[in-house]
Amino acid sequence: MIPVLVVDALAAYRLTRLVTEDRITAPLRDRVPAGWASELVGCSWCVGVWAAAGVVAARRLAPRAWTPVAEVLAVAAVVGITAETL
């Protein structure tokens, strides 16, 4: 069994990438006005902190609901990382 921390870390990674780099969220990022807010949504370190905080909160507040979501995000993260190296 994979430790919960690893699953949650991969889920936070995937959420961070979704916000900062994925094409599917580009239209939303493009709507953010220039300035600190647009810099924030493009900064993986910045978004990563908030994604990690959300993941930890979800794990503590709603573990039953969060677990399948975290597992999907974690698997998607591993698939994405693997696909980039091929």
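Trainee: Helices are DSSP runs of H or I with at least four residues, and strands are runs of E with at least two. On that basis, how many helices and strands are there in the protein?
Mentor: This is a predicted model, and the protein in it has five helices and zero strands. From the N terminus on, the order is α-α-α-α-α.

Trainee: What does the C-alpha trace span?
Mentor: About 45 × 35 × 20 Å along its principal axes.

Trainee: And what share of the residues is buried?
Mentor: Of the 86 residues in the protein, 26% are buried. The exposed surface comes to about 6200 Å², with carbon and sulfur atoms supplying 71% of it.

Trainee: What about contacts along the sequence, how many join residues at least 24 apart?
Mentor: Taking contacts between residues at least 6 apart in sequence, 59% join residues at least 24 apart.

Trainee: Let's go to α1. What is its reach, and what would be expected?
Mentor: α1 has 17 residues and reaches 24 Å from first C-alpha to last, close to the 24 Å expected at 1.5 Å a residue.

Trainee: Which of its residues are buried?
Mentor: In α1 the buried residues are V7, D8, A11, A12, R14, T16 and T20. As background, residues three or four places apart in an α-helix point the same way, because there are 3.6 residues a turn.

Trainee: What do those buried residues pack against?
Mentor: The buried residues of α1 pack against α2 (26-31), α3 (36-42), α4 (44-61) and α5.

Trainee: Different topic. How much space is in the largest pocket?
Mentor: About 220 Å³. Two elements, α1 (4-20) and α5 (63-85), are the ones that give two or more residues to its lining.

Trainee: Which element gives the largest share of that lining?
Mentor: α5, with five residues.

Trainee: So who lines the pocket, by name?
Mentor: M1, I2, V4, V6, V7, L10, R59, T67, E71, A74, V75 and V78. By class, that lining holds nine nonpolar, one polar and two charged residues.

Trainee: V78 is on that list. Where does V78 sit?
Mentor: In helix α5.

Trainee: Why is V78 classed as partly exposed, not buried or exposed?
Mentor: Because its relative accessible area is 40%, and partly exposed covers the range between under 20% for buried and over 50% for exposed.

Trainee: Last one. How many residues separate V78 and G35, in sequence, and how far apart are they in space?
Mentor: V78 and G35 are 43 residues apart in sequence, and their C-alpha atoms are 33 Å apart in space.

Methods
Residues are numbered from 1 along each chain as its sequence is written. This is a predicted model: local features need pLDDT of at least 70, side-chain atom pairs count only at pLDDT 80 or more; totals for chains, interfaces and linings use all residues. Side-chain values use heavy atoms; hydrogens and water are left out. On a 1 Å grid over the protein atoms alone, a cavity is a set of points where a 1.4 Å probe fits but cannot get out, and a pocket is an open set with protein on both sides within 12 Å along at least five of seven lines; lining residues have an atom within 4 Å of a point. Grid points are joined across faces, edges and corners, and a volume is the space filled by probe spheres set on the points. Ala, Val, Leu, Ile, Met, Phe, Trp, Tyr, Cys and Pro count as nonpolar, Asp, Glu, Lys and Arg as charged, and the others, Gly among them, as polar. Buried means under 20% relative accessible area, exposed over 50%, partly exposed in between (1.4 Å probe, protein chains only). Contact means heavy atoms within 4.5 Å. Accessible areas come from the Shrake-Rupley method with a 1.4 Å probe; for residues, only the protein chains shown count as cover. The expected span of a helix is 1.5 Å times one less than its number of residues.
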